[in-house]
Amino acid sequence: MRAFAQLVQRLDETTSTNAKLAALTAYFRDADDADAAWAVFFLAGHKPRQVVPTKALRALATRVAVIPEWLFEEAYQAVGDLAETIAHLLPEPGVVDDAPLARWIEARLLPLRDLPPDAIERALLRAWADLDHRGRFVWNKLITGGFRVGVSKLLVTRAVAAAGGVDPRLVAERLMGDWQPTPARYRALLAEGDPSERAGRPYPFFLAHPLERSVESLGPVTDWHAEWKWDGIRAQLIRRSGRVFVWSRGDELVTERLPEIAAIGAALPDGTVLDGEVLAWRDGAPLPFALLQQRIGRKTLTPKVLRDAPVALVAYDLLEADGEDLRARPFAQRRERLAALVDALAHPALTLSPAVVADDWAGLARLREESRGRRVEGLMLKRIDAAYGAGRVKLGSGGEWWKWKIDPYRVDAVLVYAQRGHGRRASLYTDYTFAVWSDGALVPFAKAYSGLTDAEIATVDAFIRQHTIEKFGPVRSVTPSLVMEIGFEGIQRSPRHRSGVAVRFPRMLRIRDDKRIDEADSLDRLHALLADADAQRP
Amino acid sequence: MLANPDLIRATDRGLYCPPGDFYIDPWRPVDRAVITHAHGDHARRGHTHYLAARDGEAVLRARLGDIALQCVGYGESVDIGGVRVSLHPAGHVLGSAQVRVEHRGEVWVASGDYKVESDGTCAPFDPVRCHAFITESTFGLPIYRWRPQAELFAELNAWWRDNAAAGRASVVFAYAFGKAQRILAGVDASIGPIVCHGAVQVLNAAYRATDVALPETFAVGDVADRTALRQALVVAPPSAQGTPWLRRFGDYSDAFASGWMQLRGARRRRAVDRGLVLSDHADWPGLHQAIRATGAERVFVTHGYVPVMVRWLTEQGFDARAMESEYGGEQDDGAAAEETPDAAPVSTVAAP
Ligand SMILES: [Zn+2]
Ligand SMILES: [Zn+2]
């Protein structure tokens, strides 16, 4: 348990991906197969059911720590996390039981499920007495069903692969499906690969550069193919050796989370690889990105989830057909074959990303103005004679893909409320409510919690503490005196909000300490933006 | 018996002793100031007369320059306006003192900042019996319990050793005065060279001038051999984080030393590889041990978790109250605030 708890702390405190990878690799190198199997299980995001109700756990910890309830509450307020608060408050352990992770889970945690409350309580007390501080934290997280570590499945995959000397893509494929935390299953992860397993290998994604110069400098518009820049998840759909794989950008295998896309794959001819965008999609148009995001966050796909946020693949490139790698061919040729393939397949969840056509750049620029209404981020520009590159090709090579994005909405607004953050930011005021002027009063219209650097958050946090009017629970009202520029991606009418509008993805673009609060924007401006957005909707 | 009038009370300039007409760690200019220690929130410029512990003289002069300073040894008493004043080790940083004030048989002690565990870089905390004790409360929550220093330094040494073996410098961010020297005195200097930022070197000199044994430290310019830098332990103030000064160390691993590193959230926000829970303040058990050792019935709580400490002490049967102060800025949850605010300026944003 000690090694795993230490790993969790290492992963938790560093933000460096390399340091995380190193810590994971070291752990898997040393762990025995049974422990490694459980570690993969937890790190991949599986967690045991909550076995102890939070309230009971809290009461027990308060008793063991011999402090009054109000003091426990103060401590919890400062820490912001129950498992961690308890770990800090319990008395020093006696002799620490450094049994392996697998034993702690199988012999001590899993049996809790079937015990009556008083037996659970005794088992908890024994566990706490046998664990050191870090161990208690992990244990508390596990029994409350709240275990979560900030590592991607991809990083775990890479670490297991590095520790075992196996191709990471092979490990990713083998990690598909239900993960049974058994030593045999872990050993199978690291077994010699046979050639049939190479079927799932994706191509490196070709990545676009942001267009930061005048579009005219790209030459004649006729040399270019334009299409919408979709706001979804970039994915490769692979059909080989009778199997289907869906990879997201960054080598993450997401086949199981996207059954609709996997179904397209099953209908494709063998030896086909498509590049495209997965979108939440209904009636031939994208649904808000937030729906897709929620959908991707779901661990289990209930019929309701599938109904509320159905996904589709908008295909924009054909990388392989009949088992032949087409990447060196000109884009126009690949596109033509792709169009024919999509047409022939006539699959309800597969569409061709339509070409956006205009006679000149000015015409394209006008069409690009429709982006917001279409829920896209702007335009993509691809040279019609260019090959499909690997990764982000060097600027100036001529074959680049360009993303020609629209600017997000921007308004200047006044900070009026602040709330403590969650998790790692629980002790800081990081969640802010912003208001704009309306008839001489400030009307809240957006909550934002991202966009500032840690240093800026610290500054704003200090500002909030110095300018608090009132505290209610975790929220403080703040003397209106700080202006920030707020950016957002979309705006909608909303009777539920006092301001009458709801904005999408609000974020802080910068602190405007050069502006006085009377220079902040008004509700009228938001309504004007709303009217523009309505006018653009096709 | 009539209640004794308060020997020390809070004013808008700082803690004030009316019969002696002097202030303790005042934050506005006064005629007579008794200084508990040289951290920026306690020792400020602009007073006419200063009184401080002799051990702190070199540091105080290094920080405040040419001041009218009278120094006394620990335990030695002086008379100020008929009040007997003496200074007693607070174990916080070099020269840190508790101020004992005695007038007509009534004894009050103002703790300044203190730490009960001794560390070899300053005189260890010495409890003083008194009727009323003014205590700090920076870490006044039961979640703050420090592990033994030996464990912490074993961890620090192991980290440094691993990094050195991988050819990577180990950068520790620690406050230049106090924390930095504690680290120097505690690490295993045989692992590799120790490089200190200029801000730390100045204080190292003041410590050495006061006969505190520290291992040899180099300024970065003194190290000609670049490979030696990759084996080095680098001690720098937190303000150096993210500055070009660090570039010369190449791909380094970093750590932050502070009591706040006890909390996961604070560790992650610092965005360093390691959080070292090392504080020059008393932890929760330390605060209560110190308070009990004074035998005081009345306890005044200043900078830190004031309401929590007041309520807890009241429930424990003390006559406990809050005492206003401006030390350390606001520290009500101790995250944004730092242990020694002089090293971490909080910039202000848009005042109305
Ligand atoms: Zn101090
Ligand atoms: Zn202080």
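Which residues are the protein donors of the zinc ion (ligand 1)? I keep in mind that this is a predicted model. I looked around the ion and found His37(B) through NE2, His39(B) through ND1, His92(B) through NE2 and Asp113(B) through OD. They lie 2.1 to 2.3 Å from the zinc.

**Entry 1: the zinc site**

I checked the geometry next. The angles among the four donor atoms run from 90 to 168°, and the site of ligand 1 is irregular. For a tetrahedral label, all angles would have to lie between 85 and 135 degrees. Along the chain, the donors of ligand 1 follow the spacing H-x1-H-x52-H-x20-D.

His39(B) is in the loop between β4 (32-34) and β5 (49-53) of chain B, and Asp113(B) is in the loop between β10 (106-110) and β11 (132-137) of chain B. The two are 74 residues apart, so I note that the pair links distant parts of the chain.

**Entry 2: chain B overall**

I counted eight helices and 18 strands in chain B. Of its 352 residues, 61% are buried. I also looked at contacts in chain B between residues at least 6 apart in sequence, and 59% of them join residues at least 24 apart.

**Entry 3: where A meets B**

How many residues are in contact between the two chains? I get 45 residues of chain A against 34 of chain B. Together the chains bury about 3700 Å², with 54% of that on carbon and sulfur atoms.

For polar links, I found nine residue pairs in polar contact across the interface. On the chain A side, α1 (2-13), α5 (69-79), α6 (82-89), α9 (133-143) and α19 (454-466) each supply at least two residues. The largest share is from α19(A), with seven residues.

The count of salt bridges between chain A and chain B is five. One of them joins the side chains of Asp81(A) and Arg264(B), 3.7 Å from N to O.

Another that I looked up pairs Glu13(A) with Arg274(B) at 3.9 Å, N to O. Glu13(A) is in helix α1 of chain A and Arg274(B) is in strand β16 (residues 274-276) of chain B, so this pair joins two chains. Glu13(A) is buried, with a relative accessible area of 1%.

**Entry 4: salt bridges within a chain**

The whole structure holds 48 salt bridges over all chains. I picked one in each chain.

In chain A, the side chains of Asp132(A) and Arg2(A) meet at 3.9 Å, N to O. Asp132(A) is partly exposed at 22%, and Arg2(A) is partly exposed at 41%.

In chain B, Arg147(B) and Glu155(B) form a salt bridge of 3.2 Å, N to O. Arg147(B) counts as partly exposed at 33% relative accessibility, and Glu155(B) is partly exposed at 21%.

Conventions
Residues numbered from 1 in each chain as written. Chains lettered and ligands numbered in written order. Predicted model: local features only at pLDDT ≥ 70, side-chain atom pairs only at ≥ 80, totals over all residues. Heavy atoms only, no water. Donors = N, O, S within 2.8 Å, 3.2 Å for Na, K, Ca; no water. Tetrahedral: all angles 85-135°; square planar, octahedral: opposite > 155°, others 65-115°. Helix = DSSP H or I, 4+ residues; strand = E, 2+ residues; numbered from the N terminus. Contact = heavy atoms within 4.5 Å. Buried area = accessible area lost by both parts, 1.4 Å probe. Salt bridge = Lys/Arg side-chain N within 4 Å of Asp/Glu carboxyl O. Polar contact = N/O pair within 3.5 Å; in protein donor to acceptor, adjacent residues only side chain to side chain. Buried < 20%, exposed > 50% of the residue type's maximum accessible area, 1.4 Å probe, protein only.
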